[in-house]
Amino acid sequence: MSDDLSQLNFEAAARLYKWPSLGNLRREDRAPYMVAEGTLDECIRDFMAKPERSRHLYEIRTTPQAPLVPDILSPEHIVELSRLRDFL
């Protein structure tokens, strides 16, 4: 596992997306739209700067880095990567 951590590329291209919402709930009948583009690290920082109560409306899309980083990162996954990034 630690070898996987050392291989994470936080400089990989990434995009932060937000789901349209109604009453702070995702509108599954609509597509998410891009709100930021940059590195995975920048997108994680942008996400973590969002109010915690609205983070469930966001996701990050990036190039997969098996086994720890899929192509679409859920809010829970982003929080964990943020913790890992701070640890490394």
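Strand β1 (residues 13-18) runs antiparallel to strand β4 (residues 33-39), and the two pair over six bridges. Here, strands count as paired if DSSP finds at least two bridges between them, while helices (H or I, at least four residues) and strands (E, at least two) are DSSP runs numbered from the N terminus. Please keep in mind that this is a predicted model, where local features need pLDDT of at least 70, side-chain atom pairs count only at pLDDT 80 or more, and totals for chains, interfaces and linings use all residues. Residues are numbered from 1 along each chain as its sequence is written, and side-chain values use heavy atoms, leaving out hydrogens and water.

**Strands around β1**
- Within the pairing with β4, R15 has E37 as its bridge partner.
- β1 also pairs with strand β5 (residues 58-62), again in the antiparallel sense, over five bridges.
- On that side, Y17 has E59 in β5 as its bridge partner.

**Helix α2**
- Helix α2 (residues 40-48) has the buried residues L40, D41, C43, I44 and F47; buried means under 20% relative accessible area, exposed over 50%, and partly exposed in between (1.4 Å probe, protein chains only).
- These residues lie on the same side of α2, because they cover an arc of only 165° around the axis, taken from the directions from the helix axis to the C-beta atoms.
- They pack against β1, β4, β5, β6 (72-73) and α3 (75-87), with contact meaning heavy atoms within 4.5 Å.

**Rings**
- There is one aromatic pair in the structure; ring centres of Phe, Tyr and Trp (its six-membered ring) must lie within 6.5 Å, and planes under 30 degrees apart are stacked, over 60 edge-to-face and the rest tilted.
- F47 and Y58 form an edge-to-face pair, because their ring centres are 6.5 Å apart and their planes stand at 80°.
- Both F47 and Y58 are buried.
- R61 sits over the face of Y17, at 4.3 Å from the ring centre (the rule asks for NZ of Lys or CZ of Arg within 6 Å of the centre and within 35 degrees of the ring normal).

**Salt bridges**
- The count is six salt bridges, each a side-chain nitrogen of Lys or Arg within 4 Å of a carboxyl oxygen of Asp or Glu.
- R15 and E37 form one, with the closest N and O atoms 3.0 Å apart.
- R15 is partly exposed at 37% relative accessibility, whereas E37 is exposed at 53%.
- D41 bridges to R85 at 3.4 Å between the closest N and O atoms, and D41, R45 and R85 are linked in a network.
- R61 and E59 meet at 2.8 Å, N to O; E59 is buried at 7%.
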